[in-house]
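I begin with a question and then go through the helix packing and a few individual residues.

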Amino acid sequence: AAREGFGDLKQLDRELNNYARKTLPILGLKIDKLPIGPVTTRALTPGEEAIMPVVLRSTRGVNAKTAPAVAVAARKVAVDFPNDPAVQVALAEAAYDAGAYAAADAAAARALAAKPGLREALIYRGMAQSALAQQEHVTDPARWKAVRQWFITANHQDAEDPWPLVAHYQALR
């Protein structure tokens, strides 16, 4: 049936490869032509090292059933590292995923106190405040403007990152 519909499959494969080379030049890009800037590494801080299992679990993705356990694990680590911005951002994410929006907001605030302007903390602060405003059925335009300001500030940190823009859009609903 495939031969009836497509003819010689080897010929079709050659034609598709030729088409891809002409129209998708990235396929022929050589690694030495990629514009890779300088790469640096550093050792993790003690807090980053301690929170890494939580970050990995969170990065793999959580759902309503698994998020609370990740949040509990994050809180246990965060007790020992209240001023570590990476730990507090991880706690903010875990708390947000678990629906503990006030806790997420507080953790993001601690991260920002430790490292002002931290993009991830700005975003989680805005997301947490947006969720709280939705729960409270807030209609005050000034409060929503304040919520969206977190995303605007985060966008100024990295204009190429779509995350603050998406979060800003979601806060317009």
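Which backbone nitrogen does the side chain of Asp161 reach?

1. The backbone nitrogen is that of Trp163, which the side chain of Asp161 reaches at 3.0 Å. This is a predicted model, and every distance and angle in these notes should be read with that in mind. Asp161 itself is found in the loop between helix 8 and helix 9, the latter spanning 163–170.

2. Asp161 counts as buried because its relative accessible area is 14%, which lies under the 20% limit used for that label. Its side chain is also joined to the side chain of Arg119 by a polar contact of 2.3 Å. When neighbours within four places in sequence are left aside, Asp161 is in contact with Arg119 and Asn155.

3. Arg119 brings us to the packing of helix 7, residues 119–135, against helix 8, residues 141–157, whose axes come within 8 Å and cross at roughly 160°. Helix 7 is therefore roughly antiparallel to helix 8, since angles over 145 degrees are given that description. Helix 7 passes helix 8 in a left-handed crossing.

4. On the helix 7 side, the residues that meet helix 8 include Arg119, Leu122, Ile123, Gly126, Met127 and Ser130, while on the helix 8 side they include Trp144, Val147, Trp150, Phe151 and Ala154. The residues of this contact of helix 7 with helix 8 divide into 10 nonpolar, six polar and three charged.

5. Ala154, in helix 8, is buried, with a relative accessible area of 0%. Apart from neighbours within four places in sequence, Ala154 is in contact with Arg119, Leu122, Ile123 and Pro164. Ala154 and Pro82, by comparison, are 72 residues apart in sequence and 22 Å apart in space, C-alpha to C-alpha.

6. Helix 7 also packs against helix 5, residues 85–97, and here the axes come within 10 Å and cross at roughly 25°. Helix 5 and helix 7 are therefore roughly parallel to each other, as the description applies to angles under 35 degrees. The crossing of helix 5 and helix 7 is left-handed.

7. The residues of the contact of helix 5 with helix 7 divide into eight nonpolar, no polar and two charged.

8. Asp105 has its place in helix 6, residues 101–114, and is buried, with a relative accessible area of 14%. Which side chains does the side chain of Asp105 contact through polar atoms? A polar contact of 2.5 Å joins the side chains of Asp105 and Arg125, and a further polar contact, of 3.1 Å, is made with the side chain of Gln129. Not counting residues up to four places away in sequence, Asp105 touches Arg125, Ala128 and Gln129.

9. Is Tyr169 buried or exposed? Tyr169, which lies in helix 9, counts as exposed because its relative accessibility is 59%, the limit being over 50%. Tyr169 and Arg60 are 109 residues apart in sequence and 25 Å apart in space, C-alpha to C-alpha.

Technical notes:
Residues are numbered from 1 along each chain as its sequence is written. This is a predicted model: local features need pLDDT of at least 70, side-chain atom pairs count only at pLDDT 80 or more; totals for chains, interfaces and linings use all residues. Side-chain values use heavy atoms; hydrogens and water are left out. Axes are lines fitted to C-alpha atoms, for helices over the stretch in contact, and angles run from 0 to 180 degrees between N-to-C directions. Helices (H or I, at least four residues) and strands (E, at least two) are DSSP runs, numbered from the N terminus. Angles under 35 degrees count as roughly parallel, over 145 as roughly antiparallel, 65 to 115 as roughly perpendicular and the rest as oblique. A crossing is left-handed if the near helix is turned anticlockwise from the far one by less than a right angle, and right-handed if clockwise. Contact means heavy atoms within 4.5 Å. Ala, Val, Leu, Ile, Met, Phe, Trp, Tyr, Cys and Pro count as nonpolar, Asp, Glu, Lys and Arg as charged, and the others, Gly among them, as polar. Buried means under 20% relative accessible area, exposed over 50%, partly exposed in between (1.4 Å probe, protein chains only). A polar contact is a pair of N or O atoms within 3.5 Å; within protein, one must be able to donate a hydrogen and the other to accept it, and residues adjacent in sequence count only if both atoms are side-chain atoms.
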